[in-house]
Amino acid sequence: MSVSENHFENLPKKSVSVIDTIKKIVQKQVFIPLAALLVLILFNLIADPSFFKISLDKSSSGDPVLSGYLITILDNASELAILAIGMTLVTSASGGQDISVGATVAIAGSVVLKVLCGSQSRPDQMQAPIIVAFLICLVVSMLFGAFNGMVVSFFKIQPMVATLILFTAGRSIAAWINNNELPVISDPKFGYYGNFIPGIPVPTPIFIAAICMIIIALVLKFTNLRLYSQAVGINPSSSRLNGINPQLVKFLTFVILGACVAVAGFIKVSRLSTINYSVVAKDIEMDVILAVALGGNQLSGGKFSMTSSILGAYVIQFLTTTLFKFKVSSSAIAAYKAVVVIVLVVLSAPIVREKMVQMKKKGTAAKVGKAKKEVA
Amino acid sequence: MSNPFEKNSNKELSAKSLKSRVSLTDTNLLLFITIAVFLIMYVCAVVFLGKGFAKPQTFLNILNENAALIILSCGMSLVMITGGIDISVGQVTALVCMSCAVFLDKHGGNVYVAMILALGIGLAFGLVQGYLVAYLNIQPFIVTLAGMFFAKGMTTIINATQFNVENAQFKALKATRVTVPGLGSVNKLGNYIDAYVEIGVIVALLVVLIFFCVLRWTRTGRNFYAVGGNNQSANTLGINVRRTKFTAHLLCGLLAGVGGFVYFMHVGSGSPSHASGAEMNAIASSIIGGTMLTGGVGNIAGTFFGVLSLSTIKNIVTSLGLDEAWWTNITVAAMLCIFLLLQSILLARKNKQKS
């Protein structure tokens, strides 16, 4: 009897350690987007393995080009990932989200086209070097970011409301910059940044996104940005007492988001070599916020994980592309996304998680109890 | 005989409370500013832009156009007073329009059943969102964002194109107009034309009246302010914070259903692009009307005038001849900006007075 009891006393201990390791993995922030990605990959593997096929094709101009759903995902998620970088910082420092990114992307794109086209709407050649256009667009976007940042940090208005201003006016300003014309740039060089550089089979936006990620990784590693924005997000007044200027940090995160918007806007117009003010980057703000939320970041500010946010952006694009593949119309996609989001958010809610852990404990306890009874 | 000192102090107390009641609290001051801005704007429009604005029918048309927005904004204000937000209302409106249109046109339904359908859809959204926000502690922005996506997707799944409803019973309801006595005008031919409002306006005014009273004089209404002002102290005072938040979202959903049907009665068609951006207009009207997004401050009457100010400025911009679409958006944004800065300055001043 005593032997058997000993035997079973060892069992729960062992299983507890397994539960602990599982718990540790589950509690890691990166787990949520990773799990979502795994589910999506598994679903696609079962439904249609050809989803993961990548082939080397020739483009219309005869250059080698990689194609396949995975490449499409990586390519199309670039803007989302770049914006997610800025949005994560803004979310962390100010405890709110910028809903004007879609509109400011339109402004950024409009500025690029305005500089490149000059006074004509369909010039034969570009009126300014692309780098100049990009730099001007960068400055303008950062100014708009600074406007948002100023309203949020110095006038102490919640970010969502403050950015509502540009959300309403942004696309109109974009149209106004170009006098409501739709400029088209015929020079193929401009298209390199949104499509392919001849000779390189990987889409350029992937490289641009990678560069942005490297930059932000370096910034987070070598500056105090992470510490400061988290401190401000968790408790602004105590961080002020510790010598951090919360207003300045919030302001700075919005300016950084402005820079991200400039890059995203540049890629967006380069993809098509033109712009449609009311459609470009439509609803992208929602996707970006979802990416941040999917990354397990608290939307009320504080601690953040940049990797999870960026991964979240790719998961969202993965989901979108998967739905497209199954012939879901682009506007109906929203409904499916909503269901996925609700499931994810409910599962990651602290209350639900606690309950789940409790249930697991109960389950194992019941199992052990049963085993004991059977032996007796 | 009572103590004379006591009596004296009582008097002082009552005088004090009277004074504080009359003095301008945040809510009252913001309400006052909103009404003043609306009146000034309208008077300026009448003086400088001439006869069009002087006609009572022009004013009534603003109401006709915005009845649904008024109802949606009321719901939005309720949620905002408790410190939350609901960005799904616009797409719920579109979903209600589309479902009712399909129900009436393709299934030959009854108008009254369609009304119940509209309320049911709104209530369902309110229930689910309220539960997730209040009892699972998920951020209202994310929950209602998902709700918005869901409603948007469902609308296109039900029907992807716009179509007009030809149901006779519904058409009769849509054409029903309530004449307003004494406000008619004489047209160019010398005929007297009655001023009218649509049924939706009556519904909207009723909603405004009901929720104005509820917020001001009922316990539920005061609970909304308490929860929005300070979650924890409301909890300590024995207010059921979760249930209050749940109720706010539920009511907002219900009002989205009502607003959806009113919008449907106004346009008489179903389309996925209906009421797009209505949630932002509702938020903007609430803010212009003096509701603070931090919660605890707000007034339904202010919201009502917020909607009126917003639509008046739109009308002014159009009649100035600046009919390129961007001017409307830019002026609305500028107005929003001014009101936000005003709120923030007010708040800063109040904090200074406290300390």
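Q: So a cavity is a set of points, on a 1 Å grid over the protein atoms alone, where a 1.4 Å probe fits but cannot get out. How many cavities of 30 Å³ or more does a search of the whole structure find?

A: The search finds 2. Keep in mind that this is a predicted model, where local features need pLDDT of at least 70, side-chain atom pairs count only at pLDDT 80 or more, and totals for chains, interfaces and linings use all residues. Residues are numbered from 1 along each chain as its sequence is written, chains are lettered from A and ligands numbered from 1 in the order in which they are written, and side-chain values use heavy atoms, with hydrogens and water left out.

Q: What's the volume of the largest cavity?

A: About 60 Å³. Volume here is the space filled by probe spheres set on the points, with grid points joined across faces, edges and corners.

Q: Which residues line the largest cavity?

A: Lining residues have an atom within 4 Å of a point, and here they include B:N64, B:E198, B:M265 and B:H266.

Q: Which helix gives the most to the lining of the largest cavity?

A: That's α12(B), with 3 residues.

Q: How does that lining divide into nonpolar, polar and charged?

A: The largest cavity has 4 nonpolar, 4 polar and 2 charged. Ala, Val, Leu, Ile, Met, Phe, Trp, Tyr, Cys and Pro count as nonpolar, Asp, Glu, Lys and Arg as charged, and the others, Gly among them, as polar.

Q: And where's the lining of the second largest cavity?

A: In chain A, with A:D98, A:F144 and A:V261 among the residues. α4 (101–117), α5 (130–153) and α10 (246–272) of chain A each supply at least two. The volume is about 50 Å³, and the lining divides into 5 nonpolar, 6 polar and 1 charged.

Q: New topic: what's up with phi at A:S273?

A: Most residues other than glycine have a negative phi. A:S273 has a positive phi of about 60° although it is not a glycine. You'll find A:S273 in the loop between α10 and α11 (284–294) of chain A.

Q: Is A:S273 buried or exposed?

A: Buried, with a relative accessible area of 13%. Buried means under 20%, exposed over 50%, and partly exposed in between (1.4 Å probe, protein chains only).

Q: What about B:N137?

A: Phi of B:N137 is near 55°, also positive in a residue other than glycine. B:N137 is in the loop between α6 (111–134) and α7 (140–158) of chain B, and is partly exposed at 47%.

Methods:
1 Å grid on protein atoms, 1.4 Å probe; cavity = no way out; pocket = protein on both sides within 12 Å on 5 of 7 lines; lining within 4 Å. Helix = DSSP H or I, 4+ residues; strand = E, 2+ residues; numbered from the N terminus.
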